[in-house]
Amino acid sequence: MLSKRILLLSCCAPCSSAVIEKLKSDGVDFEVVFFNPNIHPIDEYVKRRDEQVQLCNKMGIKVVELEYEPKKWFEAVKGFENEPERGKRCSICFYYRLKRVMEYAKENGFDGVGSVLGVSRWKDLNQVNEAGYRAEKDTDFCYIEIEGRKGGLQERRNFLIKELKLYNQDYCGCVFSVRDKKD
């Protein structure tokens, strides 16, 4: 069991559902943070944010929303628009989001940051963890690896999506990954 107070970065309710349930049942002291300036268009962002808040409320977990500033995100990934899914753009995106969440966590009394950014089959958990450790080094704040697929969590996630009727989108939110899926 994790004994630290952690902040869990979530991209969406489906990816976080089984992990939240597991952390809660393990007695972990945690909150969820929604920081996703990569999600476009704004209607999609709002839909995912509201779904995340609804899930956290249902599970009795506090959720924090950080600023939605897509212009800054576009600046961070500029020049990498044509990278494929799981390419350099994704590494930059993960790092950008994890670093900002670590800064917030450090300022607000948390002991570490974990994420569910690697739960989706479209993402590479090793790539997420590499970005997390880079952000850890640059912020001097603890990154905690979270495995959200193994040990029955993928099956539980699929069950919760159906059981709770969660909106289960088919792209990470990045306008560039939408293009990848259409190719």
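Colleague: Which residue in β4 is the bridge partner of Ile-6?
Modeller: Gly-112 is the partner of Ile-6. A word on ground rules: this is a predicted model, where local features need pLDDT of at least 70, side-chain atom pairs count only at pLDDT 80 or more, and totals for chains, interfaces and linings use all residues. Residues are numbered from 1 along each chain as its sequence is written, and side-chain values use heavy atoms, with hydrogens and water left out.

Colleague: What makes β1 and β4 a pair?
Modeller: Strand β1 (residues 5-10) and β4 are joined over four bridges, in the parallel sense. Helices (H or I, at least four residues) and strands (E, at least two) are themselves DSSP runs, numbered from the N terminus.

Colleague: How many bridges link β1 to strand β2?
Modeller: Six, again in the parallel sense. β2 covers residues 29-34. Ser-10 stands opposite Phe-34 of β2.

Colleague: Why are β3 and β4 placed at the edges?
Modeller: Four strands make an open sheet, ordered β3-β2-β1-β4, with parallel pairing. β3 (63-65) and β4 each have a single partner strand, so one side of each lacks a neighbour in the sheet. From one strand to the next, the twist averages 30°.

Colleague: Are the residues of β4 buried or exposed?
Modeller: All are buried (under 20% relative accessible area, with exposed over 50%, partly exposed in between, for a 1.4 Å probe and protein chains only). Gly-112 and Gly-114 point one way, Val-113 and Ser-115 the other. In a regular strand the side chains alternate between the two faces of the sheet.

Colleague: Why does Leu-164 count as partly exposed?
Modeller: Leu-164 has 25% relative accessibility, and therefore counts as partly exposed. Leu-164 sits in the loop between α6 (153-163) and α7 (175-182). Leaving aside residues up to four places away in sequence, Leu-164 touches Leu-55 and Lys-58.

Colleague: Why are α1 and α2 called roughly parallel?
Modeller: Helix α1 (residues 13-25) and helix α2 (residues 42-59) pack at about 20°, with axes 10 Å apart. Axes are lines fitted to C-alpha atoms, for helices over the stretch in contact, and angles run from 0 to 180 degrees between N-to-C directions. Under 35 degrees counts as roughly parallel, over 145 as roughly antiparallel, 65 to 115 as roughly perpendicular and the rest as oblique. So α1 and α2 are roughly parallel.

Colleague: Which residues of α1 make that contact with α2?
Modeller: Ala-13, Ser-16, Ser-17, Ile-20, Glu-21 and Lys-24 do, where contact means heavy atoms within 4.5 Å. On the α2 side, the residues include Leu-55 and Met-59.

Colleague: What makes α3 oblique to α4?
Modeller: Helix α3 (residues 70-77) and helix α4 (residues 88-107) pack at about 135°, their axes 9 Å apart. That angle falls in "the rest", so α3 is oblique to α4. Lys-72, Trp-73, Ala-76 and Val-77 of α3 meet Arg-89, Ile-92, Cys-93 and Tyr-96 of α4.

Colleague: Why is α1 called roughly perpendicular to α6?
Modeller: The axes of α1 and α6 come within 8 Å and cross at roughly 115°. The perpendicular range runs up to that value, so α1 is roughly perpendicular to α6. Among the residues in contact are Pro-14 and Ala-18 of α1 and Leu-160 of α6.

Note on methods: Pairing = 2+ DSSP bridges.
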